[in-house]
Amino acid sequence: MFEGYVGIHLWDGQQTDDLLVSFLLILLTIFAIFFRYNIHLFMKMIRNIWSVKKRESLFETPVKKNQFFHTFMLLQPILLCGLILFVFLRESGYSQAENIHKIIYEISCYTAAIALYFLFKQFFYFVLGMVFGDSEKYQWWKTGYDAIISIWGTTLYIPAIWLIFVGIDRMIPIILFVTLFILCRFAIIYKIMRIFYIKNKGLFYISLYLCGQEIVPLFFLYKGIIYLYNFID
């Protein structure tokens, strides 16, 4: 018997898509608010990327508003990487999460793994900076590093939006993500070379950096993501 209009049934994956869109829109909204009220700090951060001269930085100014801006700009790439990784695994057929709680759990796990990778690198940066440099040079470089990571995180909205909203040619945003990551690492290497380069030990420093900061942490991250995926599955 006819029971009246019962609405349109949810199709498979609609809850997942709605949740991903909500996450991305929340991040975009927060970024837009911070950008609106801190545009001068954002422009100063861009200048800090290529600057190799000691000057006052927004990351060194003990202002509470600046600290909120600084913290969000460093959290933003971690959150976006976790979101992009989940979408990529889902579209590749490796993740079948459709329940909201499981989706949030998976995204949280991938984000936590990337955060641990980020903290792991921060620890070794600190060790190398203290052993092979001095505290002033390390703080000087750390300012530029934070600026590079923050700008890189802002550019990640492009592949994230493509993966979630466009839905076609999904290898294009993945290639874009890898390209942006490589450019980010080159910018960091350039910063290190300009600040810490010593002619008679330059090759040793750059080899130590590439092995200890780029290759080994990425290997650990890859193994960690594989283990985490198997655990979740």
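These legends walk through several close-up views of one predicted model.

Before you start, note that residues count from 1 along each chain as its sequence is written, and that the model is predicted, so local features need pLDDT of at least 70, side-chain atom pairs count only at pLDDT 80 or more, and totals for chains, interfaces and linings use all residues. Side-chain values use heavy atoms, with hydrogens and water left out.

View 1. The protein chain has eight helices and zero strands, where helices (H or I, at least four residues) and strands (E, at least two) are DSSP runs numbered from the N terminus. Reading from the N terminus, the pattern is α-α-α-α-α-α-α-α. Of the 233 residues, 43% are buried; buried means under 20% relative accessible area, exposed means over 50%, and partly exposed is in between (1.4 Å probe, protein chains only). Now look at contacts, meaning heavy atoms within 4.5 Å. Among those with a separation of 6 or more, 77% join residues 24 or more positions apart.

**View 2. Helix H1 has the length you'd expect.** Helix H1 covers residues 14-37, which is 24 residues, and at 1.5 Å a residue it should span 34 Å; the end C-alpha atoms are 35 Å apart, which agrees. That expected span is 1.5 Å times one less than the number of residues. Which residues of H1 are buried? They are Thr16, Leu19, Leu20, Leu24, Leu27 and Phe31.

View 3. Rings of Phe, Tyr and Trp (its six-membered ring) pair if their centres lie within 6.5 Å; planes under 30 degrees apart count as stacked, over 60 as edge-to-face and the rest as tilted. By this rule there are eight aromatic pairs. One of them is Phe31 with Phe42, an edge-to-face pair at 6.3 Å centre to centre with 70° between the planes. Phe31 sits in helix H1 and Phe42 in helix H2 (residues 39-50), eleven residues apart. Phe31 and Phe42 are both buried. Phe31, Phe35, Phe42 and Tyr157 make up one aromatic cluster.

**View 4. Trp152 meets Phe181.** What kind of pair do Trp152 and Phe181 form? Their ring centres are 5.9 Å apart and their planes lie at 65°, so the pair is edge-to-face. Trp152 belongs to helix H5 (residues 135-155) and Phe181 to helix H7 (residues 171-196), so the pair ties together parts 29 residues apart in sequence. Trp152 and Phe181 are both buried. Skipping neighbours within four places in sequence, Trp152 is in contact with Pro77, Cys81, Phe177, Leu180, Phe181 and Cys184.

View 5. A nonpolar core is a set of buried Ala, Val, Leu, Ile, Met, Phe, Trp, Tyr and Cys residues joined through side-chain atoms within 4.5 Å. The largest one has 54 residues, and Ile149, Trp152 and Ile188 have the most contacts inside it. At least two residues each come from H1, H2, helix H3 (64-91), helix H4 (100-132), H5, helix H6 (157-166), H7 and helix H8 (202-232). H3 gives the most, with 13 residues.

**View 6. Helix H5 is mostly covered.** In H5, 15 of the 21 residues are buried. At 1.5 Å a residue, H5 should span 30 Å, and its end C-alpha atoms are 30 Å apart, which agrees.

**View 7. His70 reaches Asp146.** His70 is found in helix H3 and is buried, with a relative accessible area of 12%. The side chains of His70 and Asp146 make a polar contact (3.3 Å). A polar contact is a pair of N or O atoms within 3.5 Å; within protein, one must be able to donate a hydrogen and the other to accept it, and residues adjacent in sequence count only if both atoms are side-chain atoms.

**View 8. Buried or partly exposed: where do Glu106, Ala112 and Arg185 fall?** Glu106, in helix H4, counts as buried at 4% relative accessibility. Ala112, also found in helix H4, counts as partly exposed at 40%. Arg185 lies in helix H7 and is buried, with a relative accessible area of 8%. Between Arg185 and Ile149, 36 residues apart in sequence, the C-alpha atoms are 9.3 Å apart in space.
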